[in-house]
Amino acid sequence: MRRMKIWMLLVCITHVAKAQVVFTKELFVQGNDTLRYQLLAPANYDPAHTYPLLVYLHGSGQRGSDNKAPLSKLAPIFTSDSFRNAYPCYLLVSQCPRGDAWVNFPDFPQSLHATDTATRAGRLVLALVEEMRSKANIDKRRVYLTGYSMGGEGTLDLLARKPEMFAAAIALCPVADTANAPILKRKPIWIFHGDKDAVNDVKYARMMVAALKTVSSPIIYTEYAGEGHQLDNRAYNEPDLFKWLFKQKLK
């Protein structure tokens, strides 16, 4: 009986701990356009403090309008106690509508040139981040971008469109416009890719990394031998990744 009571107490404690990770469903409306997103407040939130903002961009499979699918593929580390206690921050997870993308390469694979203007989804993310940065308890010097697959592509694209907005970025399995390298040359960026990626060929990450090195960027690149496209859990659990990210600040 005593063991049963102890077990039930542990279940209750676990349930309470999980219940603390509560995303709020939100809508951002600009003109006739709507961006659905979910927002997670910092652990042990104190309104007197300022907090970093971490923007996560999902892959193509989570597009839609349910405002739930992006969380289904979110790497567990982002909602873990260890991460949230070590790096209290706002976590913004927006949802790209069907038929749109975070970035568009109209002549791919013949050309890696992205559209001159941001996609509708990309523009809405930037507008939403700008609005959030205006809030008193967001640390404007510590706004970060990260994303996986299509989200990795969007990460490097939006960073190039608004380098003054973001302090650093982590891009997983991206295709990127190498012409943006001069714009990004002073931005702290960490790129991950698997050399067996059958969705986004690793050659595209290598091309972007080479372009960034040409302009003396402080780029960090991790390539996993034998790894395919599904490497988000492995990459986001890389030792010192978030320690590196959260120490970056806009100058």
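Leaving aside neighbours within four places in sequence, which residues is I191 in contact with? I count contact as heavy atoms within 4.5 Å, and I find L156, A171, P174, A205, M208, V209, I219, I220, Y221 and T222 for I191.

Source notes: this is a predicted model, where local features need pLDDT of at least 70 and side-chain atom pairs count only at pLDDT 80 or more, while totals for chains, interfaces and linings use all residues. Residues are numbered from 1 along each chain as its sequence is written, and side-chain values use heavy atoms, with hydrogens and water left out.

Next, cores. My rule for a nonpolar core is a set of buried (under 20% relative accessible area, 1.4 Å probe, protein chains only) Ala, Val, Leu, Ile, Met, Phe, Trp, Tyr and Cys residues joined through side-chain atoms within 4.5 Å. The largest one has 44 residues, and L53, L92, V129 and I191 touch the most other members. Helix α4 (a DSSP run of H or I, at least four residues) gives the most to this core, eight residues. Apart from it I see another core of 31 residues, including C89 and L250.

Then rings. I pair Phe, Tyr and Trp (its six-membered ring) if centres lie within 6.5 Å; planes under 30 degrees apart are stacked, over 60 edge-to-face, the rest tilted. I get 21 aromatic pairs. F83 and Y87 sit 5.7 Å apart by ring centres with planes at 50°, so I log the pair as tilted. F83 is buried at 5%.

Note on methods. Buried means under 20% relative accessible area, exposed over 50%, partly exposed in between (1.4 Å probe, protein chains only). Helices (H or I, at least four residues) and strands (E, at least two) are DSSP runs, numbered from the N terminus.
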